[in-house]
Amino acid sequence: LPLPLLAIVSPSVSFWGVHPVTPVIVVAYLFGLHLVHRTQVRPMWFPRSTRQTVPDKPEKLHHGSLTATWLGFIALALVTCIAGWMVMESAKGIADHTGLSDTLVGGLFTALATSTPELVTTIAAIRYGALTLAVSNIFGTNCFNILVVAAADAGYPHNSIYHDMSPVQMTWGLVSILMTAILLLGMVRRETYGIGRIGFESALILSVYVIALGIIVLNG
C-alpha cells in the first residue's frame, strides 16, 4: 500500500514507460506469497484456544467430480471478468452523464459493485465454517489489487500512471493503510463482542470508512 503512494510523490521518472516502483511492487507481492507459504509450513506463533474459540472445520461439500468443479470455477471466473468490464464501461458512462467525478464513481459505485462478489464469497465461506478461506479471500484480494496497480502502470501508454492520478487517491491509500492497521490490532486483541455486537476493530473500520467517504464526497 505505501509503495504506490511513494510513487505518486516521487519524481516523474520512468524506464520503458514503467515507474521504478512498479517492479518493486511485483517483487514485494511475490515475497509476500513466499512468506505466507513459509509461515504455513512452519508457523512462528499459534493463537491460544479459549472458551469462545470457534474451530475452523469447514463442512465437506460434495458437488461432483473435481474436474467438473474446476470447470465450473473457471467458467464463473470468466463471467466475473466480463461483468467487471461491463461494470467499468457503465461507471464511465455514469460519470460522463451525471457530472460526478471519476474518483467518486470509481471509489464508491465501482468499488461497491466489484466488491460484492467478494462479499458473497466471504459470507458463503463463513456459513460453511471455512473461516480461514473467508479471511484469506479478503486479504488476498486486497494484496492482488495492489498488483493490479502495477499492471495498470505497465499498460499505461503515457509514461508513469502514478503522476497522472488524482491527488485524492492519496486519501484512499492512507485510509486503506489505517484500516489495515486497525484490522491487525483486532487480530492481536481478540474479543467475542465489542461495540454493537462486533469487534472494536470492525466498528473502527466502519467509522473510518464513513468519515473518509464523507471527505471524498465533500471534495467532489
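What follows is a short chat about a predicted model of one protein chain.

Reader: Okay, quick overview. How many helices and strands are there in the chain?

Author: There are 7 helices and 0 strands. Going from the N terminus, the order is simply α-α-α-α-α-α-α. Keep in mind that this is a predicted model.

Reader: And what box do the C-alpha atoms fill?

Author: Roughly 55 × 45 × 40 Å, taken along the principal axes.

Reader: What share of the residues is buried?

Author: Buried residues make up 21% of the 220 in the chain. The accessible surface is about 15,900 Å², and carbon and sulfur atoms account for 71% of that.

Reader: Now contacts. Of those with a separation of 6 or more, what share comes from residues 24 or more positions apart?

Author: That share is 64%.

Reader: Let's talk packing. Which residues make up the largest nonpolar core?

Author: It has 9 residues: Leu-5, Ala-7, Ile-8, Val-21, Ile-25, Ile-146, Ala-150, Ile-161 and Tyr-162. Helix H1 (2–9), helix H2 (21–41) and helix H5 (131–155) each give two or more residues to this core. The largest share, 3 residues, comes from H1.

Reader: What does Val-21 touch, leaving aside its neighbours within four places in sequence?

Author: Val-21 is in contact with Leu-3 and Ala-7. There is also another core, apart from the largest one, with 6 residues that include Val-175, Ile-182, Ile-205 and Val-208.

Reader: Back to H5. Which of its residues are buried?

Author: The buried ones are Ala-134, Asn-137, Thr-141, Ile-146, Leu-147, Ala-150 and Asp-153.

Reader: What do the buried residues of H5 pack against?

Author: They pack against H1, H2 and helix H4 (102–127).

Reader: How does the span of H5 compare with what 1.5 Å a residue should give?

Author: It agrees, because the 25 residues of H5 should span 36 Å and the end C-alpha atoms are 36 Å apart.

Reader: What follows H3?

Author: Gly-99 does, and its phi is positive, near 85 degrees.

Reader: Switching to His-163. Where is it found?

Author: His-163 is in the loop between H5 and helix H6 (169–188).

Reader: Why is His-163 called partly exposed?

Author: Because its relative accessible area is 26%, and partly exposed runs between the 20% limit for buried and the 50% limit for exposed.

Reader: Which residues does His-163 touch, not counting those up to four places away in sequence?

Author: Ala-7, Ile-8, Ser-10, Pro-11, Ser-12, Val-13 and His-19. Ile-177 is another matter: 14 residues apart from His-163 along the chain, with 20 Å between the C-alpha atoms.

Reader: Last one, Ile-215. Which helix is it found in?

Author: Ile-215 belongs to helix H7, residues 200–218. Its relative accessible area is 40%, so Ile-215 counts as partly exposed.

Reader: And how far is Ile-215 from Thr-171 in space?

Author: The C-alpha atoms of Ile-215 and Thr-171 are 9.0 Å apart, though the two are 44 residues apart in sequence.

Definitions and conventions
Residues numbered from 1 in each chain as written. Predicted model: local features only at pLDDT ≥ 70, side-chain atom pairs only at ≥ 80, totals over all residues. Heavy atoms only, no water. Helix = DSSP H or I, 4+ residues; strand = E, 2+ residues; numbered from the N terminus. Buried < 20%, exposed > 50% of the residue type's maximum accessible area, 1.4 Å probe, protein only. Contact = heavy atoms within 4.5 Å. Areas by Shrake-Rupley, 256 points an atom, 1.4 Å probe, with all protein chains shown as cover. Core = buried A, V, L, I, M, F, W, Y, C linked by side-chain atoms within 4.5 Å. Expected span 1.5 Å × (residues − 1).
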